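User: I'm new to this one and would like to learn how to read its features. Could you walk me through a few?

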Amino acid sequence: MKNLMFAAVLSLGTMTAFAQEEETVVEEVATEVTEVAEAQDTYAEVAVEEVPAAISEALEAAHPGATISQAYMNEEAEYKLEVAKEDGETAELYADAEGNWIEK
């Protein structure tokens, strides 16, 4: 009976150690994924005048009368635009340098 109890305690202790180790690995992977996502989402502000003409033309076609309030660009030359529409609404739009809209 003592041997059975001893084996049960050892098994439980081993399972607990594996569970803690697995939890640590999951947390590390989640942290790495978050860091990569944040790195890819890093935009630096650029002057509105520096936004490519293709984006301005695409904005006028898709949202007539809208104006770019602020513009940001990331390392992949993707632009995040804060836009003010004629009706007073604001929007956050994403486009590549050729004026193609990006879903984010």
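User: Which residue forms a salt bridge with Glu78?

Analyst: A quick note before that: this is a predicted model, where local features need pLDDT of at least 70, side-chain atom pairs count only at pLDDT 80 or more, and totals for chains, interfaces and linings use all residues. Residues are numbered from 1 along each chain as its sequence is written, and side-chain values use heavy atoms, leaving out hydrogens and water. Now, a salt bridge is a side-chain nitrogen of Lys or Arg within 4 Å of a carboxyl oxygen of Asp or Glu. Here Lys104 pairs with Glu78, with the closest N and O atoms 3.5 Å apart. Lys104 sits in the segment after β4 and Glu78 in strand β3, so the pair ties together parts that are 26 residues apart in sequence. Strands are DSSP runs (E, at least two residues), numbered from the N terminus.

User: Is Asn74 buried or exposed?

Analyst: Buried means under 20% relative accessible area, exposed over 50%, and partly exposed in between (1.4 Å probe, protein chains only). Asn74 has 4% relative accessibility, so Asn74 counts as buried. Lys104, with 54%, is exposed.

User: What does the side chain of Asn74 reach at 2.9 Å?

Analyst: That's the backbone nitrogen of Glu78. Asn74 itself is found in the loop between β2 (67-73) and β3.

User: Where does Glu89 lie?

Analyst: Look in the loop between β3 (78-84) and β4 (90-96). Glu89 is partly exposed, at 46% relative accessible area.

How values were computed:
Helices (H or I, at least four residues) and strands (E, at least two) are DSSP runs, numbered from the N terminus. A polar contact is a pair of N or O atoms within 3.5 Å; within protein, one must be able to donate a hydrogen and the other to accept it, and residues adjacent in sequence count only if both atoms are side-chain atoms.
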